[in-house]
There are 2 protein chains.
Amino acid sequence: MQRYFIEEPIQHGVIDLPGSVAHHLMTVLRAQPGDQVEIVLNDHQVYLATVVATKPARVKLVKPLHRNSELPFRVTVLCGLPKTKEKPKLIVQKATELGADRIAFFEATRSVSHWNPNRRAKKLARLQKIADGAAEQSHRNYQPQVVYYSDLHTALIANPADQRVVAWEESAKQGETSALHQVLTRLHLGQSLTAIFGPEGGLTNQEVKQMKNAGIIPIGLGPRILRTETAPLYFLAAVSYASELAINQR
Amino acid sequence: MQRYFIEEPIQHGVIDLPGSVAHHLMTVLRAQPGDQVEIVLNDHQVYLATVVATKPARVKLVKPLHRNSELPFRVTVLCGLPKTKEKPKLIVQKATELGADRIAFFEATRSVSHWNPNRRAKKLARLQKIADGAAEQSHRNYQPQVVYYSDLHTALIANPADQRVVAWEESAKQGETSALHQVLTRLHLGQSLTAIFGPEGGLTNQEVKQMKNAGIIPIGLGPRILRTETAPLYFLAAVSYASELAINQR
C-alpha cells in the first residue's frame, strides 16, 4: 500500500493532503474515494486512511496500524564526501531503505569534491527529498535527516553516540574480523551508533588517529575492498541482519 | 595495489600483458619498470609481480601472496530482470564487490524489460566487463560469471545449490525473521547457496509456489521494503557478516 509522511494538521481525523502528495495520489496513482493509503503522522505512527475526496485531495484516518520498521538502534552514517554527484544520491537512497536514522557527509582530507557554501542548502534539500521519497517507498516510520559538515572535527562533535566505529581498510587488511560484531553485541535497544566511512582513496592515517583518540573503534567489513558508496550499505545491512534477523544469537 | 586478472600464458615467470591491461597499467597509471602489481592467474591465486618493461608491457612474477578474499560459500544471486538499464549494472558491480560467485538475471512474470535474443550476447558481454573490473577493484580471486535466462524454470534447473532461498516480501510481512539465519547456520565451508529476488512489483504467488515446490526456502530481509536492486546487496552483505565477521557465533 502507498505510504505518505504528512505534517499537515488533522481536524476530526480528516487531512487535506499537501500539493505534492495530492498530485502523486490523485494524478499519478489515480486514486478514487474509498481507496486506502498509509499515513505516517508527526508521531511516527502509521495510520490506515481512506480517500474521502479527490478535489481537494482529502483522506480520513481509519485506525493506527501499529507497524514499526525502524532498526532497533539509531544509526548515523557519516561519509567522506565522494567524488561524483551520483554517489551521494545513491548513498542517501539506499541508506534510507536500509534503515539509517541520519545520513551525513563531511569533507575528508582526500575528498576531491567540495560543496560551495552558498550552494549547500540547495544540494541538501535535493538529497533530503530523495531520503523522504525512499522512506515512503521502503515503509519507514522516520524520514532520515541528511546533513553536511565542512570538516571531520565538526562532524565528530555533532555526532556523539553510544558506540562509534570507523570502517578502516587497514583494519580489514590486518585480518580484523570481530570488532563490528562485538560492538553490535554491546548495543542495547534504542541506543545510538555512528559509523564513519572514508571517501575514494580512504581516510588518512591522521584522520584515523584523530578518531581513535576520540574513542572511535576501527572495524573491518570483510576481506574485499568496498567502494566508498558500498561500505555504508554493507554496514547497514550487517546491522539489520545482526539486530533484526539473527536476534536469537545476540 | 593494482590487481589484474590475466589469462595469458607465462614463460619463465614472465607475462606479456594483454592490450587492455597494458593500456591501463602503462598509459593510465604510468607504471615504470620496478613498480609492483598483483596478478591473479587462472589458478585464482594472487601473485606479486614487478614491471620489467613498459613497451611491450611485461611483468615478472615475484611470489604468490596467499591472499583469499572469497566468501566461504559459493553464492549465486538470481534476479528478476529489472525495468531500467542502470539497475543490472548496479547489481553486477555491487554484487561482485560483495563476493557473489555468479550473477544471473531471469525474465520474471512481472519483469517489464525483456532482452531481445539477438542482443543478449552483447548485453551480457557489457555486464561481464563490469563484473571483471569490479573484481579487480575489490581484490577478488574470482571474476563472477554473469548469466541470463529467459524464464524462471530454466534458471532454477541451471542453478542447483546446497541451499536455495527466495527473498519474499510476504515472508517479511508475516514477521519471518530467522529463516536466512538458519540457512546460513546449516551451510558448510565451500558449499553453494542460490538466492532468488523478484523484479519491481515482486514475484507472483505462482512463482513463489513453484519455488516452494522445488524446496526453495522463503526468507525475509527485515521489516523495510527493499528495492529490487537493494535486496541482493543486503543479502550478500548479510552472508558476509554472518560467515566472515560474526563467525565465533555461528
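This is a predicted model: local features need pLDDT of at least 70, side-chain atom pairs count only at pLDDT 80 or more; totals for chains, interfaces and linings use all residues.
Let's begin with strand 8 of chain A, which spans residues 145-149 and is mostly covered, with four of its five residues buried. Its partner is strand 7 of chain A (residues 102-106), and the two run parallel, joined over five bridges. One of the residues involved is A:Phe106, whose bridge partner in strand 8 is A:Tyr149. To get from strand 7 to strand 8, the chain passes through helix 3 of chain A (residues 120-137), making a right-handed β-α-β crossover.

**A:Ser192**

Next, have a look at A:Ser192, which sits in strand 10 of chain A (residues 192-197). Its relative accessibility is 12%, so A:Ser192 counts as buried. Leaving out residues up to four places away in sequence, A:Ser192 touches A:Arg74, A:Ala161, A:Asp162, A:Gln163 and A:Leu187.

**A:Glu229**

Our last stop is A:Glu229, found in the loop between strand 11 (217-219) and helix 8 (230-245) of chain A. Because its relative accessible area is 3%, under the 20% limit, A:Glu229 is buried. Beyond its neighbours within four places in sequence, A:Glu229 is in contact with A:Lys87, A:Leu90 and A:Ile91, and also with B:Gln93 and B:Lys94 of chain B. Its side chain makes polar contacts with the side chains of two lysines, listed here.

| Side chain | Partner side chain | Polar contact |
|---|---|---|
| A:Glu229 | A:Lys87 | 3.4 Å |
| A:Glu229 | B:Lys94 | 2.7 Å |

Key: Residues are numbered from 1 along each chain as its sequence is written. Chains are lettered from A and ligands numbered from 1 in the order in which they are written. Side-chain values use heavy atoms; hydrogens and water are left out. Buried means under 20% relative accessible area, exposed over 50%, partly exposed in between (1.4 Å probe, protein chains only). Two strands pair if DSSP finds at least two bridges between them. A crossover is right-handed if, with the strands pointing away from the viewer, the path from the first strand over the helix to the second runs clockwise. Contact means heavy atoms within 4.5 Å. A polar contact is a pair of N or O atoms within 3.5 Å; within protein, one must be able to donate a hydrogen and the other to accept it, and residues adjacent in sequence count only if both atoms are side-chain atoms.
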